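Please look over the structure below before reading my points.

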Amino acid sequence: MTTIKIAKTEHKDIVMYLNKINRHGIIAGATGTGKTITLKVLTEQLSKAGVPVFLADIKGDLATLSKAGVLEGKVAERVSSLELNDYINQEYPVRLWDVFGTNGHPVRATISEMGSMLLSRLLELNETQTGILNIAFRIADDKGLLLIDLKDLKSLLQHISENSSEYSQKYGNITKQSIGAIQRNLLILEDQGGDKFFGEPSLELSDFIQTTNEGEGYINILMTQKLFNSPKLYSTFLLWFLSELFETLPEVGDLEKPKMVFFFDEAHLLFNDAPKAFVEKVEQVVRLIRSKGVGIYFVTQNPVDIPENILGQLGNRIQHALRAYTPKEIKAVKLASSTFRANPKFDTNSVLTELKVGEALVSCLNEDGQPEIVEKAYIRPPESYMGTLQEDEYKNLISNSPYDEKYRNSIDRESAYEILLNKVEFNNNTVEEKKVEKDINKTPKTASNPGRPRKSQFEKTANTLINTIGKEIVRGLFGILKKK
Ligand SMILES: Nc1ncnc2c1ncn2[C@@H]1O[C@H](COP(=O)(O)OP(=O)(O)OP(=O)(O)O)[C@@H](O)[C@H]1O
Ligand SMILES: [Mg+2]
């Protein structure tokens, strides 16, 4: 299969070329115009074509992908009016994940893995505080401190605060007030349940890129009903996940079909009051992840929510109806219609406001990678169930998955440290050359004896089990940890 069918006009199927899916896309439209159903249809078709998918379920209406739909009501009407002779109701392979570990397999990362840039965003730090957190990470990285959970970070901050004048000389001005502010924000993050996210076993990305024995792509759903109450946590988490994909996956160029498709729902949250440097980094990830075989699809109410430089990179476009009452809305409609290659048969601008539910203006990239002329199309109905799952259906999905056992329980800190140590990429040059500070343990780590270092002075000062290896850590884009 080289194409997937997603919609139909009066005359023809609207298809997407599998080898162009990594050219990214957007699904936009006002509330209730059919975005979620479109997302489902795309997901189903991708899964069928053997492409694993990642999406976030904000309203609890996506886990139903795991259950076969019923040919009745509006779905039946659409199947018959669109003459869909290849439509079959079926269930799809679904795995559920949940940062809080209640409605899916827990998704965890270590503080070291996430790095300071994303953590600053998560903690909503101001510029000065962000600077201090950067320093804290630099101190940790220089000294080869692996931070597993929030406790580790807290004790590191405590230690820096107690020795602020010493560290200020080497790293720049560190004030106790700023550290205090970061510590307070850490408490807020903990209150929001953010502490659950940090720890081991941390997520192994390959678990998200799986196909069934029959060759269908697994659909990984991040259950975000609760996470979504903290929009920063939600959007930073998704961005962390994207960056992990970016740092971990090898360059592959253009593939016959993508390795994975990532849907970023409520994408505007990613860019709300984001600093310019941050947006530029997102732009960079979007641009570069293409050649790693990952397609990113932003789902949002209005394309103006997406920064122009990112919007310009989204080759496949599905635009549901937009409202145009206020001057601002009218302007947004104009902008949205201007992004399409016009169809001489209709006026994009006026059709855009008249589309009915489940109808959309669609323009995907053709075989040559050029955007097709925009068509007014009816999105196919989903083949899976429309509605919600029952409690026991959720539970069965989780307990029947092999990842239940792998991720259910968090690992004690000692062994978590060893696991993290095995993953980390170190800067080879620095081990010998750099003088490890005198308050840090210098126990050498040999291949035959990867043993835990003795407790250092720092550990005693910090009054906790912080993990020292005395090797410099390597970081990638967004400052996330480079893995071996
Ligand atoms: N392609 C379709 N085939 C059949 N029914 C559809 C289709 N698209 C939308 N519908 C109907 O319209 C309803 C609303 O669609 P949907 O939930 O996708 O809207 P939405 O844009 O995601 O809304 P919100 O912004 O509130 O999340 C669906 O529950 C379904 O009944
Ligand atoms: Mg929706």
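The numbered points below start with the basis of the model, then turn to the ligand and the rings.

1. This is a predicted model, in which local features need pLDDT of at least 70 and side-chain atom pairs count only at pLDDT 80 or more, while totals for chains, interfaces and linings use all residues. Residues are numbered from 1 along each chain as its sequence is written, chains are lettered from A and ligands numbered from 1 in the order in which they are written, and side-chain values use heavy atoms, with hydrogens and water left out.

2. Around ligand 1 there are 15 residues, and Gly32, Lys35, Thr36, Ile37 and Lys59 come nearest; a residue is near if one of its heavy atoms lies within 4 Å of the molecule. Helix H1 (residues 35-48) gives the most to this shell, with three residues. Helices here are DSSP runs of H or I with at least four residues, strands are runs of E with at least two, and both are numbered from the N terminus.

3. Another entry is Ile37, where a polar backbone atom is 2.9 Å from an oxygen atom of ligand 1. At Ile379, a backbone N or O atom lies 3.2 Å from a nitrogen atom of ligand 1. A polar contact with the ligand is a pair of N or O atoms within 3.5 Å.

4. Taken alone, ligand 1 exposes 630 Å², and the protein buries 78% of that. Accessible areas come from the Shrake-Rupley method with a 1.4 Å probe.

5. The rings of Phe228 and Tyr234 form an edge-to-face pair, because their centres are 5.2 Å apart and their planes stand at 85°. Rings of Phe, Tyr and Trp (its six-membered ring) pair if their centres lie within 6.5 Å; planes under 30 degrees apart count as stacked, over 60 as edge-to-face and the rest as tilted. By this rule the count comes to 20 aromatic pairs.

6. Is Tyr234 buried or exposed? Tyr234 is buried, at a relative accessible area of 0%, whereas Phe228 is partly exposed at 23%. Buried means under 20% relative accessible area, exposed over 50%, and partly exposed in between (1.4 Å probe, protein chains only).

Notes. Polar contact = N/O pair within 3.5 Å; in protein donor to acceptor, adjacent residues only side chain to side chain.
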